[in-house]
Amino acid sequence: MSWITIVWSMNAAACLTLATIYLLVWSKQRERWAYLVLSCNAVAGAALTAFELWLLRAQSAEEYAEILRWTQLPVWSLIVTLVVFVRLYLRAGRLWLAWSVCGARTLALILNFIFTPNLSYRQITGLRQVSWWGGETVSVPVGVTNPWILVAQLSLVLLVIFFVDATITAWRRGDRQRALVVGGALIFFSTIAIGQVVLVVWGVIQVPFLACFSYLGLIAAMGYEVSIDMLHRAKLSRQLQASEADLHEARERMELAANAADLGMWMWDVPRDEIWITDKGRALFGFGASEKIDLDRFKNVLHPEDRQRVLEALENTLRTGADYEAEYRVMLPQGQLRWIAGRGQVEFDRDGQPVRLRGAALDITNRKPAEEQFRLVVEASARHDHGEHRRQHHLG
């Protein structure tokens with residue numbers, strides 16, 4: 001087996017290996033569509049490599065022309081998937097440029113199957129056998145260039161412009177690692193491949209088409225960056241799991257302390273309108289063990305005479321950042337009334353919007369009769385002192 005066959009086969013095998021890896025990754029992370037697109041792109045790269053090897057081994061001008069015609073299929077797939085990948089992974093590149101690239105390349109593909117023998121050449125008059133290293137010979141076309149190839153070359157120019165635009169956008173946004181590795185590789189390797197193809201088609205240089213090696217450098221750079229991104233995501237996932245475990249442990253400790261102090265701890269996620277509350281708090285308010293709680297559910301358990309006052313206290317806290325303080329009655333499912341003392345503090349985001357309100361609730365039902373009795377005694381004493389003062393004033 002010749003070294004040319006071995007090298008091109010290894011190139012195709014590398015592309016297919018990467019395609020398999022990223023297809024498996026996508027099957028585990030279906031929301032990461034960039035991985036699926038990259039897998040399809042690598043398959044197209046492997047097909048392009050196979051067609052290039054076939055062109056190198058062509059024995060006649062007719063065979064070469066037919067192979068070159070069908071080579072446009074993996075080239076079209078390669079370009080379209082690159083555009084989609086950039087839009088998904090870099091989240092950049094002007095949409096009208098993306099559509100222009102895909103539209104021009106699709107038009108070139110259609111013209112390729114309209115013209116005979118293909119879009120690249122109006123006629124291939126012969127094949128020149130060029131000697132390579134180790135005594136190998138490869139086929140190089142000699143013919144008349146088809147002027148309609150300018151449509152395909154326009155799509156390639158637009159492709160490079162699209163890559164440059166996407167890279168600049170990603171860099172300015174702060175994604176400099178991606179812009180440098182992925183964007184830089186796209187611009188560098190695509191420019192080399194496009195330049196070599198254009199020079200061969202117009203007969204400036206007498207060498208075979210070698211775009212597959214530029215593509216191998218491109219897919220290697222993209223694969224490297226995507227792999228680093230995958231490792232980073234895996235690390236973040238492990239850290240998140242550890243953080244969730246620590247948070248769960250902290251909540252358990254907080255709940256134990258709250259139960260010991262006879263407190264019900266709660267936290268209101270303001271933007272989502274979700275209230276987390278300890279088991280003790282659920283018992284205080286009469287909520288079910290697995291019941292979903294939001295502000296409306298909380299309002300429903302408030303005594304009608306206290307509801308407006310509590311809501312005003314909450315609104316004042318969210319608006320001014322003042323501590324939340326309120327004493328109110330709640331209506332339990334069995335019809336009883338329970339007095340609750342609520343205290344809390346609000347947290348704001350960078351824009352000054354309230355995001356969380358954390359606090360505690362305490363059952364003060366048993367304290368209320370004593371407070372009421374004390375209030376009555378104070379009022380009675382005040383009336384007695386006032387009456388005694390008037391009587392003495394009258395006698396005087």
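Reader: Which residues do ring pairs link into a cluster?

Author: This is a predicted model. In it, ring pairs join Trp3, Trp8, Trp132, Trp133 and Phe213 into a cluster.

Reader: How many aromatic pairs does the structure hold?

Author: There are 17 aromatic pairs. One of them is formed by Trp70 and Phe113.

Reader: Why is the pair of Trp70 and Phe113 called edge-to-face?

Author: A pair of aromatic rings is described by the distance of the centres and the angle of the planes. The centres of Trp70 and Phe113 are 5.0 Å apart, and rings pair if their centres lie within 6.5 Å. The planes stand at 65 degrees, and an angle over 60 counts as edge-to-face. Therefore the pair of Trp70 and Phe113 is called edge-to-face.

Reader: What does the pair of Trp70 and Phe113 tie together?

Author: Trp70 belongs to helix α3 (residues 61-90) and Phe113 to helix α4 (residues 95-114), so the pair ties together parts that are 43 residues apart in sequence.

Reader: Why does Trp70 count as partly exposed?

Author: Its relative accessibility is 38%. Buried means under 20% and exposed means over 50%, so Trp70 falls in between and is partly exposed. Phe113, at 31%, is partly exposed as well.

Reader: What makes Leu150, Leu199, Trp202 and Val204 a patch?

Author: Patch residues need over 30% relative accessible area, and nonpolar side chains are joined within 5 Å. Trp202, in the loop between α6 (176-201) and α7 (211-260), has 38%, so Trp202 passes the area cut-off. Together the four residues have about 370 Å² of accessible area.

Reader: How do you know that Arg178 lies over the face of Tyr89?

Author: Arg178 is at 4.1 Å from the ring centre of Tyr89. The cut-off for the distance is 6 Å, and the charge must also be within 35 degrees of the ring normal. Arg178 is listed as lying over the face of Tyr89. Arg30 lies over the face of Trp26, at 4.5 Å from the ring centre.

Reader: Why are strand β1 and strand β2 said to pair?

Author: Pairing takes at least two bridges. Strand β1 (residues 121-131) and strand β2 (residues 137-145) have nine bridges, in the antiparallel sense, so they pair. Val130 stands opposite Val138 in β2. The two strands form a hairpin with five residues between them, and Gly134 in the turn has a positive phi of about 70 degrees.

Key
Residues are numbered from 1 along each chain as its sequence is written. This is a predicted model: local features need pLDDT of at least 70, side-chain atom pairs count only at pLDDT 80 or more; totals for chains, interfaces and linings use all residues. Side-chain values use heavy atoms; hydrogens and water are left out. Patches are made of residues with over 30% relative accessible area and no salt bridge: like charges are joined within 9 Å, nonpolar side chains (Val, Leu, Ile, Met, Phe, Trp, Tyr) within 5 Å. Accessible areas come from the Shrake-Rupley method with a 1.4 Å probe; for residues, only the protein chains shown count as cover. A salt bridge is a side-chain nitrogen of Lys or Arg within 4 Å of a carboxyl oxygen of Asp or Glu. Helices (H or I, at least four residues) and strands (E, at least two) are DSSP runs, numbered from the N terminus. Buried means under 20% relative accessible area, exposed over 50%, partly exposed in between (1.4 Å probe, protein chains only). Rings of Phe, Tyr and Trp (its six-membered ring) pair if their centres lie within 6.5 Å; planes under 30 degrees apart count as stacked, over 60 as edge-to-face and the rest as tilted.
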